[in-house]
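Q: I would like a close look at a single part of this model, taken slowly and with the cut-offs spelled out.

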Amino acid sequence: MINSSSLFHFTSEFGVLRQILTEGLRFSYCYEPFGEIVAKQGWDIELKRGDKVLNCDGIAIPMISFCDIPLLRTREHRKKFGDYLIGFNREAFINVVNATKYMLNPVQYRCHPFFDEQLEELSIQKSCFISQIESSEIPIGGIEIIKGDKRDEMKFSNLMMRSEIREKYKEEIQRITAIDSIIGFSKPYQGKCGDDYMSEREWRIIIPDCNRPAPDLGWLKYISKEQFEYYKIKLWDNYPSELYLHFDCVDITSLITHIVVSKESERNLLIHFCLNKGDNVFGYNLSESQRMKLISKISSFEQIERDY
């Protein structure tokens with residue numbers, strides 16, 4: 001089988017896997033270098049430190065990453081992303097996530113310059129739609145008459161928090177979201193140092209810029225790798241709950257197909273955790289039958305490599 005029927009989310013630590021099981025999957029900002037035009041998203045700006053122009057060619061996008069590599073072929077993948085994972089039924093997971101305001105899709109790998117040019121054009125179009133929405137909400141007389149915090153209310157990030165604005169500009173928002181899906185699910189087939197990105201077989205859940213859970217949790221445009229590291233920590237500290245992926249009215253134990261730890265000894269620790277009724281799973285207090293169902297999905301790479 002070339003593709004697994006599950007989508008796997010890897011992590012490098014047992015403690016992080018346990019945290020995921022307790023609280024759920026959490027969005028992380030991922031820095032993606034696109035080139036200056038795409039990174040600016042149509043902004044006519046240039047950032048400097050002293051006389052030096054900063055290399056701000058990236059966008060940080062909130063996402064959760066997965067892969068669909070069959071378990072027995074994940075040895076190289078695990079060297080990079082860790083020996084712990086949680087797997088989800090792919091088809092059921094697609095239906096559940098795409099019924100929310102988020103988007104789940106496999107990454108589209110690009111190599112021809114044509115696709116980079118298309119991303120540049122789309123980024124400029126997105127900027128035009130955002131400018132159209134912002135300018136339409138400015139009162140007659142221009143931005144100069146807006147005082148204090150009222151000026152911030154005209155910004156796209158705050159306008160998207162208002163339901164009447166989302167309804168008024170429904171068509172423009174749909175177009176922005178379509179552009180976000182093309183940019184957010186795009187990645188070069190290899191890195192600048194020759195890293196083979198295609199072998200990662202990545203899938204992503206992304207938060208489109210229009211569907212941000214809070215004004216400050218949109219895409220971070222035109223930033224450098226250095227700036228990204230600073231903002232990433234700041235956003236996690238300020239928004240501890242908004243970055244979690246929650247499922248309403250869904251039996252999470254039916255979505256989960258695998259919970260895999262590195263060593264067999266860690267498997268026993270995880271079983272004990274799942275049996276503890278005082279511990280939530282994905283933010284929910286599961287019944288005894290659900291907990292037993294979850295335990296049946298726990299295995300270890302130590303056992304998998306020994307038996308298969």
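Which backbone oxygen lies 2.7 Å from a polar atom of the side chain of Thr74?

A: This is a predicted model, in which local features need pLDDT of at least 70 and side-chain atom pairs count only at pLDDT 80 or more, while totals for chains, interfaces and linings use all residues. Residues are numbered from 1 along each chain as its sequence is written, and side-chain values use heavy atoms, with hydrogens and water left out.

The backbone oxygen is that of Leu71, 2.7 Å from a polar atom of the Thr74 side chain; a polar contact here is a pair of N or O atoms within 3.5 Å, where, within protein, one must be able to donate a hydrogen and the other to accept it, and residues adjacent in sequence count only if both atoms are side-chain atoms. Thr74 itself sits in the loop that runs between β5 and α3 (75-81), helices (H or I, at least four residues) and strands (E, at least two) being DSSP runs numbered from the N terminus. With a relative accessible area of 0%, Thr74 is buried, a term that means under 20% relative accessible area, against over 50% for exposed and partly exposed in between (1.4 Å probe, protein chains only). Leaving aside residues up to four places away in sequence, Thr74 touches Phe10, Ile69 and Phe301, where contact means heavy atoms within 4.5 Å.
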